[in-house]
Amino acid sequence: MSEVDVLFASLRQAADPQTVECIENVVKHGADRDLNRVNALAFAAKHHLDEEKTIAAFLHAARIGAFEMTWNVLCPGCGGVLDSGATLKGVNQDSYHCALCAAGYEPTLDEMVEVTFTVSPRARRIAAHEPDRLPPLEYYRQIFFSSGVDLPEDLEARFDRILLEMIELAPGEKAFVSLQLPAQFVIIFDAVTHSAQFIDVQGEPTEERQNLSMVISRGHALNETVTLRPGLLRLTLENHTDGRVVPNVCIAGDDLHDLLGRRREFLTAKRLLTNQSFRDIYRTDTLDVDQRLKITSLTFLFTDLRGSTALYERVGDLAAFDLVRAHFRVLHEIVATEAGAVVKTIGDAVMATFPSPDRAVAAALRMREAMRRLNAEHGSEDLLLKIGIHEGPCLAVNLNDRQDYFGQTVNIASRVQGLADPNVIMTTEAIVEDANVSEILRDSGVTSASRMAELQGIGREVRIFALS
């Protein structure tokens, strides 16, 4: 049995067999490009697989060494990868600058950090394992651009429309390039070092030769825009790095914007942090103690059992413990199947996160129904669940050697749950105003009643909604 067969035999024990079979087939028969920086959501869509099962399968594949997981900081403008690391701990800068877009960004985990999976050399060697040997345009496709940029299959033909020149420079090499500048905005850009030079070509054409030099280095030096006239340019490019660089000269017009403007969904760091499989597998190795990473929108769901102390007194420790454990097991299963994750349990309470309000509300409705079934099975109303939901910005942090969340959004969600009556789901305006939530409530026949309430420690009144 080969090492690949051993790896996938192990993977089939941990993940959905249908998904594993599909991944194994691509590893054995797919193109190299299909195995580099795999977009798990695009992979699921292409092969008609369940997204959550696909994410879980790639996570388990990374755990056993069949794939390598990478966290990439993205430019929201062009979709380029600004930085990359094997863990989220590598996202440690206050801001990232994109030379191609000439803009700086504060990293957030919503849309600026993607998670991709590349096949391990143990399972199969692909060209991207040695990126310096990729053809220049393939380097741009596979290494520079993120998996969220939906590059066309005919990229070469599309790029030819805007490309004036593209060359490779070995370490220390210098090249002289002659080209005709059109009366348009032109960019010289190297995808390896992210060095850029902007040229504003305007005015009357000239027959005189113009000269421009550009030094490509690891320093990502920012160059001011130079103004030149249409006509002949003698361009000098120097590689001051210890590796290959692949600068190109292209026209920054509508064709380039159209090429880079095609986007598709990708696996964000936010979604992965709220994935139960990820939290189970990478329980303690997510964030450094000093990291504080922003999430612009995350949905929190808190639950608690009302009267659990009286329950222990009434039915005894053993019976009560079995009931509470059954309730935890059901809640965990529901959270996981709604693309959420349990952050922690505190006594008989649960704190969970979801990527969007509709997932949290769907989970809450299922939880309420599940508790009714459990009570019916035991012939009593012992499990009286209180649920609170809120959505908003927060910080992903490391607390007590565990990935956790901090901020006012968390506080509000917890306080809202405290106001809930048994079997009533309490939410905030941010939740019920979500279009997908409105559709769920309408389809489920759930009604809402609102009131203003003062939340302890918040310092202002908040409109809350009771879903019953």
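## A guided tour of the predicted chain

The protein chain exposes about 21000 Å², of which carbon and sulfur atoms supply 46%; accessible areas here come from the Shrake-Rupley method with a 1.4 Å probe, and for residues only the protein chains shown count as cover. This is a predicted model, in which local features need pLDDT of at least 70 and side-chain atom pairs count only at pLDDT 80 or more, whereas totals for chains, interfaces and linings use all residues. Residues are numbered from 1 along each chain as its sequence is written, and side-chain values use heavy atoms, with hydrogens and water left out.

**Whole chain.** With everything selected, the C-alpha trace spans about 95 × 60 × 40 Å along its principal axes. The protein chain holds 15 helices and 21 strands, which are DSSP runs numbered from the N terminus (helices H or I, at least four residues; strands E, at least two). Of the 468 residues, 55% are buried, where buried means under 20% relative accessible area, exposed over 50%, and partly exposed in between (1.4 Å probe, protein chains only). Among contacts with a separation of 6 or more, 71% join residues 24 or more positions apart, a contact being heavy atoms within 4.5 Å.

**The cores.** Select next Phe67, Met69, Trp71, Phe117 and Tyr405, which touch the most other members of the largest nonpolar core, a set of 112 residues. A nonpolar core is a set of buried Ala, Val, Leu, Ile, Met, Phe, Trp, Tyr and Cys residues joined through side-chain atoms within 4.5 Å. Helix α4 (residues 51-64) gives this core its largest share, seven residues. Apart from it lies another core of 34 residues, including Phe328, Leu331, Val335 and Met371. Return to Phe67 and show its surroundings: beyond its neighbours within four places in sequence, Phe67 is in contact with residues including Ile23, Leu35, Phe58, Phe117 and Val119.

Strand β1 (residues 67-74) pairs with strand β2 (residues 81-85) in the antiparallel sense over four bridges; two strands pair if DSSP finds at least two bridges between them. Val73 has Asp83 in β2 as its bridge partner. Six residues lie between the strands of this hairpin, where Gly79 takes a positive phi near 85 degrees.

**An open sheet.** Now select β7, β12 and β10, three strands that form an open sheet in the order β7-β12-β10 with mixed pairing. Because β7 (174-181) and β10 (206-216) stand at the edges with a single partner strand each, one side of each is left without a neighbour in the sheet. The twist averages 20 degrees from one strand to the next, with axes fitted as lines to C-alpha atoms and angles running from 0 to 180 degrees between N-to-C directions. β10 and β12 (residues 231-239) pair in the parallel sense over eight bridges, and Asn211 stands opposite Arg234 in β12.

**Helix α7.** In helix α7 (residues 254-261), the buried residues are Leu256, Leu259 and Leu260. They cover an arc of only 85 degrees around the axis, which puts them on the same side of α7; the arc is that of the directions from the helix axis to the C-beta atoms. These buried residues pack against α6 (155-160) and β13 (247-251), while Asp254, His257 and Gly261 are exposed on the other side of α7.

**Thr409.** Finish in helix α13 (residues 408-418), the place of Thr409. Is Thr409 buried or exposed? Thr409 is buried, with a relative accessible area of 5%, and, not counting residues up to four places away in sequence, Thr409 touches Leu298, Phe300, His390, Glu391, Gly392 and Pro393.
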